[in-house]
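Please read it alongside the sequence and the coordinates.

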Amino acid sequence: MSELDLQRLRAEGQAFMEEISRESYLAFAGLKKTAELQPIYEKYERVLGIEALELTLDAFRSARAGTDEKRSAQSLLEWEIESQAAKPLAALDEREIEWENTAFVQSPDGRVIQYQAAPIEIANTGDRALRLALDEARAKLVKNEHAPLRLERLQREKEYIESLDIAGDYNASFEAVAGISLNALASLCEQFLRDTESMWADTLAQVLKKSLGIKASEAKRADALALFRASEYDAAFPGSEMEGVMRRQISEMGIDPTAEGRIIFDVGDREGKRSRAFCSPVRVPEEVYLVLRPHGGQSDYNTFLHELGHALHFGYASPDYPFEFRWLGDNSVTESYAMLFDHRMHDKGWLLRYTGLGANKVGKFLRTAGVEELHFLRRYCGKFLYERALYSGEVRWSELPELYVSLLTSATGFEYDPADAFVDVDPRYYSARYLRAWQLQSVLNERLTARFDVDWFRNPSAGPWMARELFAQGQRENADEIAARAGANQLSFDAVIAKVEALLEA
Ligand SMILES: [Zn+2]
């Protein structure tokens, strides 16, 4: 076999990603019973071999900072590390998926509930005593069976990454390769939690009293699930109109919602299809699937908008770019485009134009959305601070559950359960990508508003601008570079906080 160089790695890497992505699409869309990933891993063994890792590491170390060569090497190295780490963890992952698919929670009222459906059941249980008892049963199962599996996976992953010897420890190697400062982001999260502390305390006390009839001091995480179950407005978001509404909005923005046929809307009902919408980029930009079963309701609209943002990003990526700029890079960027669209659910003009909410309900809807947004942001800040401590190695594994409860409870105001300390963790700091996406989408929303007005979502000049200035660039630039290009000095939560305040006062 010929020697591996970057050119070959790109070609084989792209072929590998396309096959993996197609197989996953077919399985999750219900077109195939299972995803057969192992044969693909075997076929592309060389892409995930030690030679490939060393090649990308050398390229990364020798490229000059700030150049496209560096951006390229960085994306390839990050992808190599994640794919390589996935290999020794694959058996653990399979064991976990099997456990999750077969585990049951014994509800105290005699029902047997699938583990995966437990959060929905908890959210839907109106009787508070039963809700807490059901969550206790779930937590006991997690503590005894799920948490040990996840703990082992986290430990193996940390060991594996550190064995690559890229930088001092797990966190240093993440910072070196991702180019994201964990300490800087942690400071912003701590500041955000301080800045919104009293706003959150007041808001939470009010909604808990009104919606659940309980005091803030007694609220538990199971109550959060019940509180945010929002179904009151679902009639204003009919499933039968969802796809048409989304297509109309993108068309009004001046671009083709299918990107000249490259984005395929797979919206038919089919046995085995996942119930939640997802986006599968099988070939970027030529073949991008947006898959959903249109049930309708507020959360369906939200997910559709989110996945539509991803689909437009992939579908309008420049075909001339190398593999790594179209497929890889800082996922804070694609998440920010997804959030830019799903945040239209917080946009009064958008809601009045494209949904059945109407002027008399929209204010209350927005206030509720503000409560949810603030809760979600504070939870993610707490989660990120916890994950940073977890991966730092400075806190003993046995002491992490206590730290988890303290950080998440103080961030959200809901009492968390120590059993969830190892299952409520986003692998490889995906929480950091989400937090940066939140920041970047607010920068982009301000930029779009300044240029195309508050109703940029229906301005026929806005779509072509976004396609050219943002989507076509793939993830060549990271979130910080795009924010700078959009005129922001740096990523921050300032605009996010201002928006939450406006929502709460709507
Ligand atoms: Zn996403």
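A residue is called buried under 20% relative accessible area, exposed over 50%, and partly exposed in between, with a 1.4 Å probe and protein chains only. The model is a predicted one, in which local features need pLDDT of at least 70 and side-chain atom pairs count only at pLDDT 80 or more, while totals for chains, interfaces and linings use all residues. Residues are numbered from 1 along each chain as its sequence is written, and side-chain values use heavy atoms, with hydrogens and water left out.

**The zinc site**

The zinc ion has as its protein donors His 306 (NE2), His 310 (NE2) and Glu 335 (OE), at 2.1 to 2.2 Å; donors here are N, O and S atoms within 2.8 Å of the metal (3.2 Å for Na, K and Ca), and since water is not among the atoms, sites may look incomplete. The spacing of these donor residues in sequence is H-x3-H-x24-E. Because His 310 belongs to helix H12 (residues 298-315) and Glu 335 to helix H14 (residues 331-342), the pair ties together parts 25 residues apart in sequence. Helices (H or I, at least four residues) are DSSP runs numbered from the N terminus. His 310 is buried, at 8% relative accessibility, and Glu 335 is likewise buried, at 5%.

**Salt bridges**

Side chains of opposite charge can pair when their charged atoms come close. Counting a side-chain nitrogen of Lys or Arg within 4 Å of a carboxyl oxygen of Asp or Glu as a salt bridge, a search of the whole structure finds 49. Among them are the following pairs.

| Glu 197 | Arg 378 | 3.4 Å |

The salt bridge between Glu 197 and Arg 378 links distant parts of the chain, with Glu 197 in helix H9 (residues 197-212) and Arg 378 in helix H16 (residues 359-392), 181 residues apart. Glu 197 is partly exposed at 40% relative accessible area, whereas Arg 378 is buried at 1%.

Glu 415 is partly exposed at 41%, and Lys 220 is partly exposed at 31%.

Elsewhere, salt bridges with shared partners join Glu 78, Asp 330, Arg 433, Arg 436 and Asp 480 into one network.

Terms used: Helix = DSSP H or I, 4+ residues; strand = E, 2+ residues; numbered from the N terminus.
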